[in-house]
Amino acid sequence: MTIIDPVRRELLKNALITTADNALVMVTRTARTSNVKNSMDFSAAICDGRGRLVAQGLAVPVHLGVVMPALDACLAHFGEDVREGDVLASNDPYSGCSHLNDIFTFKPVYVKGRRIAFVSLILHHSDLGGRVPGGNAADSMEIFEEGLRIPPLKIVEAGKPNETLMRIIEFNTRVPDRVMGDVRAQLAALDQAAAEVEKLAATWDPDVLDAYLDDLIDYAETLTRADLAALPNGSVEFVEWNDDDGVGNGPIRIHLKLTKTGSEIEADLTGTDDDKGGAVHCNRAFTVSCVYAAIRTVLGASIPNNAGLYRAITVKTRPGTFVDVRYPAAVGSRGQVGFRLRSIVLGALATLLPGRLPACAGGSEFAIAASGNDAAGRRFLHLEFHNNTGLGGGPDSDGQDAGPYCIGNLANVPVELIEAEHPLRIEEYAFLPDTGGAGQYRGALGMVRQYRLLVDDVQVQVRSDRFNSQPWGLFGGGPGAGAKSILNPGPDAQPLPSKFTRRFKSGDVLRFEMAGAGGYGEPAARDVARIAEDLHQEKLTAEYVRKTYPEGASAPNA
């Protein structure tokens, strides 16, 4: 029996996390598309030889809960036919993945002929074919419309790339030079991570390493259960709404019953509305991953992010609902409902744990894909996600304007880069005054992104929400302002729906105003000095203050 040294376990944990982070750094330096190298829409993880998650990099949290289902599907398909030098790959949501744009890759690591680990990388590839550029159209009805579907396959076999699969990917994307550059960056970073794990493992006896990995998972479970046990027992219900499903049905009711008992917590989503179509909904694997990521926010930061953390969390769904769709439903826009799942779990937790969590984050879950030919006749594809505009007001502070949230870790795509690479001009990128929910602590402001198209016949696909359901406030705080989209703002302005796919001409202007975050506490309790500072920074207007914060009307500039 191996005696575990806690110090050595900690060193092993940190070495594995560093290896995953190093892989992400390499991807950032070698990828071709802005969605990967700038937005950083990727994740890295390390699993043990049996496929259990043991470490994750600093990445997109909602990817990580899907790693094990995707790897399990690959192992179920290949069985014993997994060899040194292989790389397994899949993007099939009905084989444990999330949506077609995310290609999951797994490389086994062997020491002395024994499989001791898998290294994993997930990248969002900007285009894998389908009826609409970018593959995220909200109005697709079947997965066959969304692009190239890769079942569990070997993208590398015995160290040799599968040229057949590589050519299939190349011939099924509108921007092959960029997508294939990202695929090669993904495989190169995977090789680097595997080499680092192999070097680390070579210093261990394989049986001892297995024992430490087992213990690392058990240790995460022990810490998770201890943190959960310290929280109050209880059962709370929370309801959130999606404006629509992308094909005319809505609003969609998402219902959660969250029950915490002892050292376990259960999230029951079986009361959610049935699915009626579109691509905004999601499969069960992605739903479970979103719930894990949201619950993780109330647990201690020192808990290792591995399979042990998940053992104390139960997620119930009902097949055929908006959060557990049936094959062959399209799921390309599943990220949008992922943010709604985040907010419903955190809303329930805020009710169960008053004084611990902020109000609802802002954002319209806005995503855009714009594609056409530039002036030289070259195909371009601009893909960008603005899933958040900032945090809700909290128990002791205003929401952080433009701050990230627990599920969306994506970074900003610089305006200069967009304009350098695509025939687009960003005419406005700014905060929207008066849009944060009122309260003792104000919610983050909404944001605007305004594009002018510089060439004709540009196909634009947009996925957004919160036009009708506003980000909620807490304990008397007001909701954040809703979102809206406008074509050609000015005298000839036309409203645009939250989700659409259509073509535009040169000179058209697309304005997207994203929702603000919810406020926390009664507005009457807001410090006059905070109101004065918001006025000074032009985050609030004098007229808004007079209507919303009467006690602050005497503040300078009010």
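In this predicted model, Arg334 touches His63, Ser98, His99, Asp102, Ala279, Val280, His281, Cys282 and Phe286, leaving out residues up to four places away in sequence. Arg334 belongs to helix α10, which covers residues 334-352. Its relative accessibility is 8%, so Arg334 counts as buried, the limit for that class being under 20%. With one of the residues it touches, Ser98, Arg334 forms a side-chain to side-chain polar contact of 3.5 Å.

In soluble globular proteins, nonpolar side chains tend to be buried together. Here the largest nonpolar core holds 131 residues, and Phe106, Ile155 and Ile169 have the most contacts inside it. Helix α6 (residues 176-201) supplies the largest share of this core, with eleven residues. A separate core includes Ile418, Val460, Phe504 and Phe512 among its members.

| Core | Residues in core | Named members |
|---|---|---|
| Largest nonpolar core | 131 residues | Phe106, Ile155, Ile169 |
| Another core | 23 residues | Ile418, Val460, Phe504, Phe512 |

Ile169 is in contact with Leu128, Leu148, Ile150, Ile155, Val179, Met180 and Val183, when neighbours within four places in sequence are set aside.

Helix α7 runs over residues 206-229. From the first C-alpha to the last, its 24 residues span 35 Å, close to the 34 Å expected at 1.5 Å a residue. At the start of α7, a side-chain oxygen of Asp205 comes to within 2.9 Å of the backbone nitrogen of Asp207. Buried residues of α7 include Leu209, Tyr212, Leu213, Leu216, Ile217 and Leu228. Asp215, Glu221, Thr224 and Arg225 are also among the buried residues of this helix.

Key: Residues numbered from 1 in each chain as written. Predicted model: local features only at pLDDT ≥ 70, side-chain atom pairs only at ≥ 80, totals over all residues. Heavy atoms only, no water. Helix = DSSP H or I, 4+ residues; strand = E, 2+ residues; numbered from the N terminus. Buried < 20%, exposed > 50% of the residue type's maximum accessible area, 1.4 Å probe, protein only. Polar contact = N/O pair within 3.5 Å; in protein donor to acceptor, adjacent residues only side chain to side chain. Contact = heavy atoms within 4.5 Å. Core = buried A, V, L, I, M, F, W, Y, C linked by side-chain atoms within 4.5 Å. Expected span 1.5 Å × (residues − 1).
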